[in-house]
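Opening the notebook on this one. I want to go through the fold, the core and a few single residues, one entry at a time.

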Amino acid sequence: MSSKEIGDDLDVRAIYKNKFLVGEDLDGKDHTCTIERVALQQMPGEDGEMETKLKLRLSGLPKPLVLGKKEAHKCGRLMGTACARDWVGGVITLYPFRGKFFGVMQVVPRLRSEATKPPTAPAAG
């Protein structure tokens, strides 16, 4: 097994890969995506305690997006329902936002205020 020396291309993002979407994954531009799937994800919160969050699988993006409380509520407003299972098929736009999170300046994915609600299922009959 070989090791790399300091001075080699040692990109921290390549070494410590995020399994969820982060702001850097957006390459500095907006991404309009269809919500393909919604699931629950357990993650450590700011205080270290485990929290349940919503995880979205989005078309055209390589990793799922985990929503914090603020973005989850915003997505619900954009989709016209607080029931996350009904968001599948909806279209959202993400953009990279720079702010302070967990005490550190970071770039994170945020939802634009425009979206297309998912199509409603036809009435049974």
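Where is Asp-27 found? I looked, and Asp-27 sits in the loop between α1 (12-15) and β1. Helices here are DSSP runs of H or I with at least four residues, strands are runs of E with at least two, and both are numbered from the N terminus.

Ground rules, before I go on. This is a predicted model, where local features need pLDDT of at least 70 and side-chain atom pairs count only at pLDDT 80 or more, while totals for chains, interfaces and linings use all residues. Residues are numbered from 1 along each chain as its sequence is written, and side-chain values use heavy atoms, with hydrogens and water left out.

Entry: Asp-27 again. I checked its accessibility and got 60% relative, so Asp-27 counts as exposed. The cut-offs: buried is under 20% relative accessible area, exposed is over 50%, and partly exposed is in between (1.4 Å probe, protein chains only). Asp-27 and Tyr-95 are 68 residues apart in sequence, with 9.4 Å between their C-alpha atoms.

Entry: the sheet. I traced 5 strands in an open sheet, ordered β3-β2-β1-β4-β5, with antiparallel pairing. The edges are β3 (65-67) and β5, each pairing on one side only. From one strand to the next, the twist averages 35°. Two strands pair if DSSP finds at least two bridges between them; β4 and β5 have 10 bridges, in the antiparallel sense. In that region I found Phe-101 opposite Val-104 in β5.

Entry: the helix on the sheet. Helix α2 (residues 69-79) lies across β1 (31-44), β2 (50-58), β3, β4 and β5, and runs at about 10° to β5. Axes are lines fitted to C-alpha atoms, for helices over the stretch in contact, and angles run from 0 to 180 degrees between N-to-C directions.

Entry: Phe-102. I placed Phe-102 in the loop between β4 (91-101) and β5 (104-116). Its relative accessible area is 55%, so Phe-102 is exposed. Beyond four places in sequence, Phe-102 touches Gly-45 and Glu-46 (contact means heavy atoms within 4.5 Å). Phe-102 and Glu-46 are 56 residues apart in sequence but 6.4 Å apart in space, C-alpha to C-alpha.

Entry: the core. A nonpolar core is a set of buried Ala, Val, Leu, Ile, Met, Phe, Trp, Tyr and Cys residues joined through side-chain atoms within 4.5 Å. The largest one has 19 residues, and Leu-58, Cys-75, Trp-87, Ile-92 and Leu-94 have the most contacts inside it. β1, β2, β3, α2 and β4 each give two or more residues to this core, and α2 gives the most, with 4. I also listed what Ile-92 contacts beyond four places in sequence, including Cys-33, Leu-58, Cys-75 and Leu-111.

Entry: Thr-93. Thr-93 lies in strand β4 and is buried at 14% relative accessibility. What does its side chain make a polar contact with? The partner is the side chain of Thr-32, at 2.9 Å. A polar contact is a pair of N or O atoms within 3.5 Å; within protein, one must be able to donate a hydrogen and the other to accept it, and residues adjacent in sequence count only if both atoms are side-chain atoms.

Entry: cysteines. Cys-33 is buried at 2%, and Cys-75 is buried at 0%. How many disulfides does the whole structure have? My search found 0, taking a disulfide as a pair of cysteine sulfur atoms within 2.5 Å.
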